[in-house]
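Here is a colleague's note for a first look at this structure. Please read the points below alongside the sequence and the 3D view.

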Amino acid sequence: MPLNWVLVLTTFLFCVGVYGVLARRNAVIVLMSIEIMLNAVNLNFIAFNGVVGGERLIGQVFALFVIAIAAAELGIGLAIVLLIYRNSFTVSLDEVNLLRW
Amino acid sequence: MNLVDEWGITLAVFLPLLGALAIALTPKGTEGIQKLLALGSTGAALVIGLMVAFAFEHGEPGLQFEKNLQWIPSIDANYHVGIDGISLPLIVLSLLVTFLCIVYAYRHIPEPGNTKAFLALILLLETGMNGSFIALDLILFFVFWELVLVPMYFLIGIWGGENRQYAAIKFFLYTLFGSVFMLLGFLALYFQSDPHTFDMVRLQGAGVLNLPIGLANLIFAGLALGFAVKVPMWPFHTWLPDAHTQAPTIGSVLLAAVMLKMGTYGFMRIAIPILPEPAQVFAPLIAILAAIAIVYGALCCLAQTNLKRMIAFSSVGHMGFVMLGIATLTPEGFNAAVFGMVAHGVVTGMLFFLAGSIKERYHSYEMPELAGMGLKIPRMAGLLAFCAIASLGLPGLAGFWGEVMALLSSYRPLEGLNLTVFRSAMVVGGIGTVLTAGYFLWMLQRVNMGKASEASLKHRYADVERLEYAAWVPLLALILVLGLYPRLIMDTTTSSVTRLTETVAGERAEVAQAAER
Amino acid sequence: MQGLVFLIVAAVSGIAAVRLVTNKNLVHAALYLVVTLLGMAIIFLLLTAEFVAWVQVLIYVGAVIVLLLFGLMLTRAQIGKTALDRQQRWVAGPVALVLFAVTTPVLWRFFDGRTINLERQTGNTADLGTEIFTNFVLPFEIASVLLLAALVGAVFLAKRD
Amino acid sequence: MVSLLATAAEHGTETAASGGGAMELAWVIPVIAMVSAALIWAIGKRLPMRGAEIGVAAMIAVFIGGLLVFFDAIAHINADAEWHGFEKAVTWMNFGPGSTVELGYMVDGLAAVMMVIVGFVALMVHIYAASYMKGEVRVTHFFATLSLFTGSMLTVVLANNLLMMLVGWEGMGLSSYLLIGHWWEKHENSSAAIKAFLTTRVGDIGFMFGIFVLFWAAGSFNVAHINELAADGGIARGTLTVAALLLFCGAVGKSAQFPLHTWLPDAMAGPTPVSALIHAATMVVAGVYLVARMFPVFDNAFDVALDVVAVIGSITTVIAALLALVQQDLKRVLAYSTISQLAYMIAGLGVGAYTASVFHIWTHAWFKALLFLAAGSVIHAVHSNNMTDMGGLFRKMPITSITYIVGGLALAAFPPFAGFWSKDELVVGAYEAATAGSRAGTLTLVAMLLTAFLTACYVARMLALTFFGKPRYDPEHVHPHESPKLMTYPLIALAALAVAGGWVGIPGEMNQFGRWVHYGDEHAAFNPMIAILSTGLALAGFAAGWAIFRMGKVKIDVRKTALAPFYRLLLNRYYLDDIYFKGIVRPVRDRLSAAAYWINQKVLDGAVNAAGMVAVASGRFAYRDVDQGLIDGLVNNLARLTGRTGDKLKFWQTGNMQRYAAAMFLGVATLVGAFVFFRI
Amino acid sequence: MDVNLTALLPEIILAVVACGVMTIDLFLPKERRGAAFMFSVVGVLATLVAVLNLYGQNITTLGGMFVVDRFAVIFKIVFCVAALLVFAVSHAYLKEDGEIPHGEYFTMMMFALLGMLTIASSRDLIAIFVSIEMISIPSFVLAGIRKHDIRSNEAALKFFLFGVLSTALMLFGMSLFYGIAGATNLADISENLAGRTDIEEVSLLAILFLIVGFGFKVSAFPFQWWVPDTYEGAPIPVAAFLSVASKTAGFVGLFQVMFLALGSLAGTWRPMFGIIGVVTMTFGNLVALQQKQIVRLLAYSSIAQAGYMLVPLGVASATNTELNTTIVFAVVAYLLVYAFMETGAFASATAFSRRGGGYMVDDYAGMFARSPVLALAMSAFLLSLAGIFPFAGWWAKLVVFQALIEGGGLWLAIAMGINTVVALFFYSAVVKRMFFDRSEVTTAVTLPPVLAGAIGIAALVVVVGGVLPDLFGRLAQNSHFF
């Protein structure tokens, strides 16, 4: 199966994730978009592992670590979002602009 | 004794630093002790300076009292110091003027007081100034060059006149802007030299620096910019009037008497000997700028109503003569430059002292308000007249020889330099002297001989006090002695200056001079 | 044959991702995320990375989605439609498009003609295990401490005191 | 100061001819003057006569010393005609390989003569001033500066190198500035002082450049060495011409020749003894002395050098004489007369009459000093300078009047008096040059003869208005009386010299002066025809003057103001019209002199004042527009610009996260663009 | 697979101590919370001792993944010392603030420190990635540690979102490089990439993605948007920690990847860093001119300082290792000096922001009259940041200038020169306020002993380093790792 197909998919998912982060106002959706971006990267690693890895599975090891750390980040992210929500009762990123200039 | 030979100049430079530290450690209330400490350290430094001057063999052109220690091996900058005919007069001038400033400061601490900080900063300033005159390593020179900025910034900023902060920051940024390019020049020299070195003496050696002429010119331009801002050469001079009018008396005396000389000294110690060819390429340009500075300074003085600002602009004019002397690249020219520097230091230093004392009495520098001083404080008016006449270059007083030698040497610059440029510069310089005479005499007319304004009539002003005499008599004596017996400086500088010309033009200069004689 | 399956799954997860990002209803968005992640797991399987596929299913679909739903619930997101902000879209859209338009041709040109070899004889998990615990022990240890830190941090931030 | 010279003396270089006797100590004389100046400044205030005693004592010493040196020099001249002076110098400093400045003195015939002149006149003036200045303000300062001046003058006279001469030269300039501005309470006096200093300073710049040219050509400042090189072709004639003209600038400035003559009349603002010493006998003569001292340079240059000297001299002598005719102020008449007589000497040098012009310095010094001092005593008595407030003083002040008349006749060059002999020789010199075919020579001859006539005329006018006719002062306030003895004795002494001074140069066998001072051949032979012609002219002039001013009722000022525009028109023709003498009619002559005076005030004097104004205006322009506006403005605007850009950038920080993320991507995009562009 | 434990000793000690402090803190009663500070200081000191005895050794373990060489050891020392200084500053701040729990605060700091120690020694993409995350995640927590202050929450959120987004982009870059070079070990990557000509275009793209990650950490333009808001919102010691420790870690990571892995691609990434460096310093300086609040001013100044450190990379070369050595020497020297002067500046800001002082630059008016020692220290740090002689900053700038000139980057040097002059303006503006202006408030600002100690040490190092810069010189001398 040609590698390029996979790469097209990963780039597409990555760009959708970027769109999600930039466009959506709700912080949780932004977190989800970041998850998509990280998944795209995992797919990339797995695909490259198949192509260049030979018998070593470095790509897949990297993917595993990415998954683990993504989970950890998500935990922290949600905790911060809850904190913001509890203190200023909003989750939309537009209203959170007290610190500027 | 060998202590003087070995550590003489280092002591002369770092004693004031010790003094400054000692003062910084004294408790708040003890002004008396602080003044004594300051007097002691500057006095000791002056004594050592004089001992070095006596131990100095005047005929011998090369470097003396050399000392070379390792400082920063990682960029192989080392503590290499030494003096020759050119730097000795400047160091003695700096030591003397600072000592007299401390004497003057005994009862003339400017307005917000805080003697401790004031004296400590002056001593720090002295270390920076003296250091730059003895440094023979580019980085050491750069370090001392920058060390001078911070204390002067605080001196102007804290104890200065009304908009002192504008003047202080302008002075700081202007000089720093120049010194950035100077630093780039130093670094370029470091990398282009065959065995990488910051050492000025080695850089002058044959074959160490073989640069394409384009790059050499670029480096020289960088160095020249840095020094030009300090001299100050026209058009980089606009910081000087502001700095002077706002600086406290002692600040402007030190600024005029010594700090301006660091720029011209830089030319003679670093830019010209290390890069002789570009020096000859840039010489006409420097001559033109110097000529402009002479006339421009005089013209601006004509338009001044503020006495101190006028003296500041007169410095621009006088330094124009010094630069004209340097631009000729001949022994006579360099001699004129060194003599001009010392003479300007002594005369303009005195003028700023007088301006300061007059301000203390009349609380203003504006000439209309000072009118009629001749009647109210005759002795002060007499001194002002004496110094003004010395400054306009009357023969028999210090100011004359520097100017006349500069004009003389610019008639016949180094072989191969464009004659028309230098001779027109000479003519413009001559016209400059007439304008200088003009504005000084008009000043005397308005200040000494004018009709006393009613405001000043009411007050009774004390004439020159004993302390002021103590601070001023050495300078006045020097003005007279330098005028009547110029060999005091000429003997020390002539040999070193001839050597400098030889390095600039190779043996050609010597042969040409001798042949034509 | 694997190619065909891959295309189908890729299309499904692509559309699901787009729906997630443009969907007004937050809970639907979460569900679309589940579809994308499952698609990813299937593709991993296709590329003979079974262990990673199962980990994907277990952690992502199991834990992450639940966490996100809790997040939505706790921040009382309106179940119904939330207005999608207007002006942000005009910036985000072009940025994403430009990124995609620049990256894909470059990658396509470089990786042209490369195929992923799918015949894998040995057991994937065993090799993976040896790989991690021989060469990548250090990242493993750091990751463990990292997870601990993240745990403590999240609890500290989120707990109501 | 003395110790300095002493230490310097012992390893001085002995050059030129052998010395001995008084000449050896010639250098002491200027030192005495300088020391006296210092002494007066130091302790003058506490002495009974406020420092005058030290001054007079010093001057006595100077005069006697001068005489001794003079007789020693004369002895040497008599011994062998070829003796050309004794010189001794020590290196003052060397400021480069092979360039040294000497501190030395040189005595030859010319210097000896000048020593006597300066010494005697200075002594007379000091005695005179001792009583004249009694009761004035700042007397100590006055006498100190007077001694300083004498010292500087003597330095110029004795200097063996040009740089030391320049030092003395400018020293004189300073003392004249201080003395002219002695009563600086009045604004005009200090302005006059500044004008004098600046105008002479312009000349000095030319002099300085001349020195440079000669230094680089001859390799040293030494006068003897330069003259020697000039004589035997060591220096190119072109360089010599340039140097000569530049040196002549200095002479023009110092000796108040056209066009730099405007400062001398204003210099009358100073006390009269000052005018007598400085602006009659010594300082103004320095210019002529310079040309005389460096005559080989002038002689061996292209002819144009001497021609310029002659032409300038001629023009100045005529103009000054005309202006003297129309002056109200007694001292200004004498001032213009001095300019005219100096021009005589300069023109004389221009046509090569070297001995004659130096002889004229000799005679002119006596009668001009006499006239000034006498005028001083008149003014002292009448308390006004204007001749309109004088008249009929003959009976009131007999000694002053008689001495004044003697001086006047000497000035007008009537036979027995000193003036006749020197002026006659000058005219003879001019006549010989004219006959030798030089155009400048003819112009000079014509100018000299015309001036002879005009001089006599204004002398007559002066005598008539001051001493004869109805007294025009109001009797209650002013009751003229003879000046005290201290003032009249110098007058008598000078009168004696005004009469006998000339005899020393009577042509024929008795002639000593020719031997003392000569350049090349001995002395122009006596030409009876010229003598008769010049005396005749003098008589005619005196008669005309006497007729107009003593007999007729002349209202001088009316015509001048009414017909000013007409004069200006006349003026232009005046210059074009080169028929100089045609139809001299009394009204025409009056208008000419008035016009000349008007030119002088508006054009020449105006020019000098205008130069001042232009300088101040350009100063204001340079300062306000270029310095503050352009350069400083640029610096300040640059600072403000950076401040404002900082301000704009600050507002990019909007606080919204997604704007940041978008900004990041845009930033990356621009950077990529930059990389591709800068494919470094 | 050999595992040389002594090499890993510092990391192990730190991890153990961190967990220890975390657990003990649970059992300590409320008022004796000071103990956490004591334990963490002891812990870090122990780590520092362990690092010091590794000095001079050269060990590679874990299959080339973990290397202890001069480069790594020097930075570990810097991290520990910086952490100790920040601890001292935080101690005073926490006592003052009262609301922040000591235990969690110091634990998180130590976890972040652990990440920094590992990144210094890691020579593998995965290890670098994990270490970066190890630094970032505790920093997110620290930024938001003042839970009830919405400004702190906002700072944490911004920091988190920007951090995670840039990590994702970096990962994408790493995956591309894995695809191109087929390995994650830096040495292997450079081996595979050497001499390959076809990768010109795609490597440019991959490097761009990589730079995003490190750019964020190092606060280079256009990735520095989060810095001012986060520094202002977070507690000042945390801001100090971010601006010193995590920025240095960013540089370490950047260096390893750029020089070790992508050395041969220097041609492509040289212009990027040149331009990024210049734009960063110019942006930082220009905006700093207008700042009224001292922490924001220091934030923008730290962005500008990052610019000064990035610019030497603009003259790196693929072939001339001697030039690269000078560049690494220059940046390492700058980092050493930067650590002390930046921490000192933040420490002084913390000291002054307590009772009697203020956050605004105008509050600094007349400080010299009120607390001269603090004023002198603050001006020492500011003038050192500006690069004025008696303080170590001048030597640091000189060394960077030297590297630029040797590498031929004349225009970069001139840009940096001009920036130094502009920077001097706002540094001296603060100094001017402290010394020249007079203010009516005259209460002296008291300095608690621990904080005074930290400021004193930093000031001492800055001044002594300025006069005898060779101390830093010798340390940074052979720090290259080629």
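1. A salt bridge is a side-chain nitrogen of Lys or Arg within 4 Å of a carboxyl oxygen of Asp or Glu. By that rule there is 1 salt bridge across the interface of chain E and chain C, and in it the side chains of Glu201(E) and Arg109(C) meet at 2.6 Å, N to O.

2. The model is predicted, so local features need pLDDT of at least 70 and side-chain atom pairs count only at pLDDT 80 or more, whereas totals for chains, interfaces and linings use all residues. Residues are numbered from 1 along each chain as its sequence is written, chains are lettered from A and ligands numbered from 1 in the order in which they are written, and side-chain values use heavy atoms, with hydrogens and water left out.

3. Chain E gives 38 residues to the contact and chain C gives 26, where contact means heavy atoms within 4.5 Å. Together the two chains bury about 2,700 Å², of which 84% lies on carbon and sulfur atoms; buried area is the accessible area (1.4 Å probe) that two parts lose on being put together, summed over both.

4. Ser121(E) belongs to helix H4 (residues 102–121) of chain E, helices being DSSP runs of H or I with at least four residues, and strands runs of E with at least two, numbered from the N terminus. Ser121(E) is buried, with a relative accessible area of 0%, where buried means under 20%, exposed over 50% and partly exposed in between (1.4 Å probe, protein chains only). Among the residues that Ser121(E) touches are Met65(E), Lys76(E) and Gln256(E), leaving aside those up to four places away in sequence.
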